Structure formats: structure tokens, C-alpha cells
Amino acid sequence: MENVEVFDSPGKGRGLRATKELWAGDVIFAEPCFAAVVFDSLAANVCHGCFRRQPKLQRCGQCRFAQYCDRTCQRAAWGEHKQECAAIKSHGKAPNENIRLAARIMWRLDKEGGVVSDMQLITLDDLQDHLSDMPEMDLKELKVDVHNFLDFWPKTSKQHTVESISHIFGVINCNGFMVSDQKGLHAVGVGLFPNLCLVNHDCWPNCTVILNNGKIELRALGKISEGEELTVAYVDYLNLSKDRKEMLKQQYFFDCTCEHCTNQIKDDLKMAGAVVDGVQVPEEKVKEVTEYSLEMMKKSEKARLEANYNEVVKICRECVEKQENVLADSHIYQLKMWSTLSEVLSYLQFFEEAAMYARKMVEGYMKLYHPNNAQLGMAMMRAGVTHWQAGHIEVGHGMICKAYAILMITHGPTHPITKDLEAMRIQTEMELRMFKQNEYVYHSMREAALQNQPMKMMAEPVEEAAKSLFRKK
């Protein structure tokens, strides 16, 4: 692999570093998955071949479990599904996603060995499983999975030791990568990408990972010098340093010593109080509203999961009223409320109010995130579309252009999201020209168009797409 090499990273173990100078948007490497499966919860809604969400899927006639877009997808996936299909049919039911993924990995190892291409930098045997670091409860769950795997594994397939099976489950536990749907917006499955497992974590990384056309791409976020270590963020930077460290220790079994965690960079902004008329709000008041906000976030998430969106709006409006002039516009709990309100209000078609909260959210994110962060780009895109829906074409087009610039780096020109955004950018640019020529004619034509073809409901709000790269336990 021409752009990277494996090296011993001080205090981290193996890592990858650049073998030449790289620039923002460069694809450092692309890697197909070793094996991947759809989540149990989405097994009936997502194609088991291409991982697309589809309203209608065709069920496998043999195992009655796997679902596909059509015969083309089914034929393409048959090589991976063939042994799984017979095993599910013989077992009587499909096991959980961990066992299905472990089985697919084992079948491929038996057929092709530990290295399946010249581009693969590490074997699965050499990946860390962290079994010795796992807490007792997790080990018990792993042992249950191993027991159920042995029940599921066909007697006609090559038999493996409990030790080797446990190793694969340990690798999945700490290296299972989220596989997204065709738009890259929501996680729909979990897969294993050996080369990606070598990329170490940093809370302020120089790379990002995106899934594009079935392969993960490691992309540079800015200039990377020859010999510099390549890093990605395993968890969302919007969390406080202590929370990120706790998540990393619990999931990946290491203590983060990056500069941002060590110096608690931007933690003060994330928990800051407002300044009103040049006077700082007292710490006690900020603490009181922060604790109140945390409780309201839990309530709004519960209502959201129950699809009670009017209740979500009610809870969030009450909360932002208390937060106003107490919490700073970079406080992460206030940003969370603005994010939820903008998304749910868009779904309910209250576009004017949604646009206001979306703008505040983006302005807060810009103070915290890396300027080329994918989450910032996605939030900017959402805010731009919301402003366009509210009729604010100038602001909407500006935000869509800024989002496009970020996503060209983080996702690249061929990603489905970037292509959609490019179409939006062209459309809003045309509308903006019309708006500048004659505002009255523009708004009249817009109203007529909306009356003749009513705007469709926005996609139903769901729990935010996982911002962490790897699957949470």
C-alpha cells in the first residue's frame, strides 16, 4: 500500500503513518470489508447484500431470513450467504448479529486464509481481542455468544477451538465498524475492516473514515506530513474530555493521552455560562440549568423513541426557555436541544422555527468542531436545507455551499450524499439568481409550485446516526 506503512506508535502499539505528504480530501486507502452483517433490529428492512434500506425486500426462499433488493443482489451475495443459509435452515432460526458476523469471518478464513488481498496489512490473528481487559459481565456475555456459536456452527464445516472463536468475538467487540445505508446517514450493520483496525485514535484527528460504495475510505482532513501518524476519532468530539476518556476506556481499553484530553481543550466552551450585558452568569445558576437540561434531554429522547414528536417539541421548548441567557451558545446541552428542535420541527413542517434553531446549532458547532469535521458538514447541510424550506434562499444557499466544501473533503465527490448536495447547490444557485432579479416573482413562483406539488414530509426523526466509528456495545 503506497500511502501508508505499519509502525510502532509510542504508547499505542501498532499504528499507521504516511509514507508521503498528503492533503485535505486525499483518499489514503480504500478497503472492502472482510465480512459484514445487517443489525438484528433491521434484518427485515435492509438488503443483506448491498445494505440499502428498501420498503419492499425479497426474502431468501431457503433460510427465510436474509432479505434482498432483487435477484441481482441475491446472486451477488450468494457466495457469502450460501453456508450461512444452510446453517440457519438447519439450526431453525438465525442467531444474533455477533454470531452471524463471527460465522461469516470463520467461513472466509477457512476458505481464503487470514490474508485475502495484497492490500491487507494485518491478519485477523494479529488483531487485539482485549479478552484479558474485559470486565466480568462482558466476558459472561462473550461466553454465551461462543456457546451459541458452537450450537449454530455446522458439523460439516471445519471445527475450531473455543480459544480461536473467542478471539474472533473479542476482535468484533472492539473493532466492529458501523456499516451505513446507501446515503451514509444511518448505521444499518456491522463489519470488520482489518486495515482500519490499525489506525489509532486521536480526539482531534488528521483523518476521517467514510463508507462509500461498499468500501471504507480513509481520507485526510488537512495537510499530513510524511512520517506523521494517521489518526481518526473513535468517539464524538462534542463530548467532554472526561466523558470521551471514559468511553474510550470502556469500549477500547486504553487511556487517551491526546492533547485535547490532557489539556481539556474546549471543555470550558462546552460547559460555559452566558455573558449578559457584559456580566458573567453565576456558576451556581449555570450548574442548576445544566443539571435541569440533562434531565430534559432524557425526557425528550424517551418521547422521541416513542415517536411522540409534539411532546418532544414541548419538552425542548421549555428547556431552551430556561437555558436562554444562562448557558452559552457553545454549551453542548443547549446545542443538543437546538439540534433536536430543528430536526423535529422540520419533520412537523414548522420550517421557520426549525431554521432559527438550525442556524444557532451550526454557529455553536463551528466554535467546537474541527473545520473539516464530517458532523459539522452534515449539520451545515441540514441547516441549509431547512433555511431553503423556510424560504430563506440566500442563507440556505450559503450554508449548502459551505457544507459542500466540507463534504468534498470528508466524503469526496462520488459519495451519494455529496452528489445530492451538489444537486441542491445547483438548484439553490438558480433560485438565488431568480430571487435577486425579482423577489416578488420568485416568491410567487415558489408558492405556486408548493401548492401544485405539496412539499413531502421530511424523513421521520430517528435517534442520531452513531457518531462513533465503531459499534457501541
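This is a predicted model: local features need pLDDT of at least 70, side-chain atom pairs count only at pLDDT 80 or more; totals for chains, interfaces and linings use all residues.
Visitor: What makes β4, β8 and β7 a sheet, and in which order do they lie?

Guide: Two strands pair if there are at least two bridges between them. Four bridges join strand β4 (residues 35-38) to β8, and strand β7 (residues 177-180) and β8 also pair over four bridges, so both pairs meet the rule of at least two. The three strands form an open sheet in the order β4-β8-β7, with antiparallel pairing. The edge strands are β4 and β7, as each pairs on one side only. From one strand to the next, the twist averages 35°.

Visitor: Why is β8 called largely enclosed?

Guide: Buried means under 20% relative accessible area. Five of the six residues of strand β8 (residues 187-192) are buried, so the strand is largely enclosed by the rest of the structure.

Visitor: What makes Lys-298 and Glu-295 a salt bridge?

Guide: The rule asks for a side-chain nitrogen of Lys or Arg within 4 Å of a carboxyl oxygen of Asp or Glu. For Lys-298 and Glu-295 the N to O distance is 3.7 Å, so the pair qualifies under the 4 Å limit. These two residues are three apart in helix α8 (residues 283-305), which means they are separated by about one helical turn. By this rule the count comes to 22 salt bridges.

Visitor: Why does the salt bridge of Asp-329 and Lys-367 tie together parts that are 38 residues apart in sequence?

Guide: The side chains of Asp-329 and Lys-367 meet at 2.9 Å, N to O. Asp-329 lies in the loop between α9 and α10, and Lys-367 in helix α11 (residues 351-368), so the pair joins parts that are 38 residues apart in sequence. Within helix α11, Glu-363 and Arg-359 are four residues apart, about one turn of the helix, and their closest N and O atoms are 3.4 Å apart in a salt bridge.

Visitor: Why is Met-445 called partly exposed?

Guide: Partly exposed lies between buried, under 20%, and exposed, over 50%. Met-445 has a relative accessible area of 45%, so the residue is partly exposed. Val-441, at 35%, is partly exposed too.

Visitor: What makes the nonpolar surface patch, and which helix gives the most to it?

Guide: Met-434, Tyr-440, Val-441 and Met-445 make the patch of about 400 Å². A patch residue needs over 30% relative accessible area; Met-445 has 45% and Val-441 has 35%. Helix α15 (residues 439-452) gives the most, with three residues.

Key
Residues are numbered from 1 along each chain as its sequence is written. Side-chain values use heavy atoms; hydrogens and water are left out. Buried means under 20% relative accessible area, exposed over 50%, partly exposed in between (1.4 Å probe, protein chains only). Axes are lines fitted to C-alpha atoms, for helices over the stretch in contact, and angles run from 0 to 180 degrees between N-to-C directions. Patches are made of residues with over 30% relative accessible area and no salt bridge: like charges are joined within 9 Å, nonpolar side chains (Val, Leu, Ile, Met, Phe, Trp, Tyr) within 5 Å. Accessible areas come from the Shrake-Rupley method with a 1.4 Å probe; for residues, only the protein chains shown count as cover.
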